[in-house]
Amino acid sequence: MKINEVEQTVGITKKNIRFYEQQGLLNPSRNTNNGYRDYAPEDIAALQQIKLLRKLGIPIEDIKKLQLHYLTLEDCLRRHLIVMERERKNLEEVETFCHRLLAEDANLETLDIGQLLTDMENMEEGGTRFMDIKRKDKRVLKKNALIAATIPIILMLIPMGLITVAAIAEHMPLITLFLLFPLIGIIGTLLALRERLKEIEGGELDEASKY
């Protein structure tokens, strides 16, 4: 079965199907004639299982452990229930804080922001989680990844250039063999950068659906 047919059958987008493959949750065979992925019935069944678990909010890592039989479904669900209970309590605390602001019958200008932020920090020390405003967006993460990859590539290109110039000037073709090592480093860096950019972009762009 081709990926378009799988998308229609299971109700999972092609982008997310490929994402699950990248995460190691799915390993379809490839048609030897054209190289296209060929999804077998067991792949369809695996995708349906993934869809069910993702709808419940089960993390990707736990699904991997389930597939590898490192984790039983019972243990997985019990752990997930504990996490959801913690999230429920956390949501209740945030909700209570919002009701407190409503009860003060104040507007933004008259709120005691300093005291409220102090109260929030005290609640966070007690385990309450508010929105993480320090979380970087994808553009910042991609920029940092590009910078991190560019620096070692430049450092490897400099000796490559010097070796090439020396080899041409001295007519010593054997020296060019040393170009192989930094070249391998550059290729490895570029491959790592590609995977990092894929990780940042992700296959599950809609965080509300997760399937």
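Trainee: In which hand, right or left, does α4 pass α5 in its crossing?

Mentor: In this predicted model, the crossing in which α4 passes α5 is right-handed. The axes of the two helices come within 10 Å and cross at roughly 165°.

Trainee: How is an angle of that kind turned into a word for the orientation of α4 and α5?

Mentor: Angles over 145 degrees count as roughly antiparallel. The α4 and α5 axes cross at roughly 165°, and the two helices are therefore roughly antiparallel to each other.

Trainee: Which residues of α4 and α5 meet?

Mentor: From α4, Asp62, Lys65 and Leu66 take part; they meet Leu73, Cys76 and Arg79 of α5. As a general idea, an α-helix has 3.6 residues a turn, so residues three or four places apart point the same way.

Trainee: At what angle do α3 and α4 pack?

Mentor: Helix α3, residues 41-55, packs against α4 at about 140°, and their axes are 10 Å apart. This angle makes α3 oblique to α4. The crossing in which α3 passes α4 is right-handed. On the α3 side, Ile50, Leu53 and Arg54 meet Ile60, Ile63, Leu66 and Gln67 of α4.

Trainee: How may the length of α5 be read?

Mentor: The span from the first C-alpha to the last is set against the span expected at 1.5 Å a residue. For α5, which has 31 residues, the span is 44 Å, close to the expected 45 Å.

Trainee: Which residues of α5 are buried, and what covers them?

Mentor: The buried residues of α5 are Cys76, His80, Asn90 and Phe97. Their cover includes α4 and α6, the latter spanning residues 113-125.

Trainee: Where do positive phi values occur around α5?

Mentor: One belongs to His69, whose phi is about 65° although it is not a glycine. His69 lies in the loop between α4 (60-67) and α5 (73-103).

Trainee: Is His69 buried or exposed?

Mentor: A residue counts as exposed when its relative accessible area is over 50%. His69 has 70% and is therefore exposed.

Trainee: How many aromatic pairs does a search of the whole structure find, and how is such a pair described?

Mentor: A pair of aromatic rings is described by the distance of the centres and the angle of the planes. The search finds 2 pairs. One of them joins Phe97 and Phe130 in an edge-to-face arrangement, with 5.9 Å centre to centre and 70° between the planes. This pair links distant parts of the chain, 33 residues apart: Phe97 is in helix α5, and Phe130 is in the loop between α6 and α7 (138-170).

Trainee: Why do Phe97 and Phe130 count as buried?

Mentor: The cut-off for a buried residue is under 20% relative accessible area. Phe97 is buried because its relative accessibility is 8%, and Phe130 is buried because its value is 16%.

Trainee: How many helices and strands does the whole protein have?

Mentor: The protein has 8 helices and 2 strands. From the N terminus on, the order of elements is α-α-β-β-α-α-α-α-α-α. Of the 211 residues, 25% are buried. Among contacts with a separation of 6 or more, 53% are between residues 24 or more positions apart.

Note on methods
Residues are numbered from 1 along each chain as its sequence is written. This is a predicted model: local features need pLDDT of at least 70, side-chain atom pairs count only at pLDDT 80 or more; totals for chains, interfaces and linings use all residues. Side-chain values use heavy atoms; hydrogens and water are left out. Helices (H or I, at least four residues) and strands (E, at least two) are DSSP runs, numbered from the N terminus. Buried means under 20% relative accessible area, exposed over 50%, partly exposed in between (1.4 Å probe, protein chains only). The expected span of a helix is 1.5 Å times one less than its number of residues. Contact means heavy atoms within 4.5 Å. Rings of Phe, Tyr and Trp (its six-membered ring) pair if their centres lie within 6.5 Å; planes under 30 degrees apart count as stacked, over 60 as edge-to-face and the rest as tilted. Axes are lines fitted to C-alpha atoms, for helices over the stretch in contact, and angles run from 0 to 180 degrees between N-to-C directions. Angles under 35 degrees count as roughly parallel, over 145 as roughly antiparallel, 65 to 115 as roughly perpendicular and the rest as oblique. A crossing is left-handed if the near helix is turned anticlockwise from the far one by less than a right angle, and right-handed if clockwise.
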